[in-house]
Amino acid sequence: QVRLVESGGGLVQAGGSLRLSCTASGSAYSFSTMGWYRQAPGKQRELVAGITGGGRTKYGDSVLGRFTISRDNAKNTVYLQMNSLKPEDTAVYYCNTALFPSYFPSGSWGQGTQVTVSS
């Protein structure tokens, strides 16, 4: 079982940047496909970005070109660099293990990290 802890959220103005981190415990982490997901109030949770153990990436249409997912297997950490943030990016952001190629989340959800973008 992989345990995941998200961090790095906060309040930022539109156009600003944040970097989220997701640190995992568990020896199988480096082989796991990982995803960042978000859930805004009143909306369903959606995939933001995913990355395979080999570094193949996938992005949601709304963040393509603005967000970058990466991983450092030596640190058991997945990152989400978010640039050119918009108010509609406001949500709780979660990371999770994921199934490939669907990126359907496959593990337990952590507490998430709140991202709030002001206009």
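Student: Which strands form the six-strand open sheet, and in what order?
Tutor: In this predicted model, the order is E2-E10-E9-E4-E5-E6, with mixed pairing.

Student: Which strands stand at the edges there?
Tutor: Strand E2 (10-13) and strand E6 (57-59). Each has a single partner strand, so one side of each lacks a neighbour in the sheet.

Student: And the twist from one strand to the next, what does that average?
Tutor: The average is 25°.

Student: How many bridges for E4 and E5?
Tutor: Five bridges, in the antiparallel sense, between E4 (residues 34-39) and E5 (residues 46-51). In that pairing, Gly35 is opposite Gly50 in E5.

Student: Changing topic to aromatics. How many aromatic pairs are there?
Tutor: The count is three. One of them is Tyr37 with Trp109: ring centres 5.3 Å apart and planes at 90°, so this pair is edge-to-face.

Student: Where do Tyr37 and Trp109 lie?
Tutor: Tyr37 is in strand E4, and Trp109 is in the loop between strand E9 (91-97) and strand E10 (113-118). The pair therefore ties together parts 72 residues apart in sequence.

Student: Tyr37 first: buried or exposed?
Tutor: Buried, at 3% relative accessibility. Trp109 has 34% and counts as partly exposed.

Student: What about the rings of Tyr94 and Trp109?
Tutor: Their centres are 5.6 Å apart and their planes stand at 70°, so that pair is edge-to-face too. Tyr94 is in strand E9, 15 residues from Trp109. Tyr94 is buried, with a relative accessible area of 11%. Tyr37, Tyr94 and Trp109 form one aromatic cluster.

Student: Where does Arg45 sit relative to Tyr94?
Tutor: Over the face of Tyr94, 4.1 Å from the ring centre. The charged end of Arg45 also sits over the ring of Trp109, at 4.0 Å from its centre.

Student: Now the four-strand sheet. What's the order?
Tutor: E1-E3-E8-E7, an open sheet with antiparallel pairing. E1 (3-7) and E7 (67-72) are the edge strands; each has a single partner, so one side of each has no neighbour in the sheet. Neighbouring strands are turned by 15° against each other on average, direction ignored.

Student: How many bridges join E3 to E8?
Tutor: Six, between residues 18-25 of E3 and residues 77-82 of E8. Arg19 stands opposite Gln81 in E8.

Student: Which backbone oxygens does the Arg71 side chain reach?
Tutor: That of Thr52 at 2.9 Å and that of Ile51 at 3.5 Å. Arg71 and Ile51 are 20 residues apart in sequence and 7.9 Å apart in space, C-alpha to C-alpha.

Technical notes:
Residues numbered from 1 in each chain as written. Predicted model: local features only at pLDDT ≥ 70, side-chain atom pairs only at ≥ 80, totals over all residues. Heavy atoms only, no water. Pairing = 2+ DSSP bridges. Helix = DSSP H or I, 4+ residues; strand = E, 2+ residues; numbered from the N terminus. Axes fitted to C-alpha atoms, helices over the stretch in contact; angles between N-to-C directions. Polar contact = N/O pair within 3.5 Å; in protein donor to acceptor, adjacent residues only side chain to side chain. Phe/Tyr/Trp six-rings, centres within 6.5 Å; stacked < 30°, edge-to-face > 60°. Buried < 20%, exposed > 50% of the residue type's maximum accessible area, 1.4 Å probe, protein only. Lys NZ or Arg CZ within 6 Å of the ring centre and 35° of its normal.
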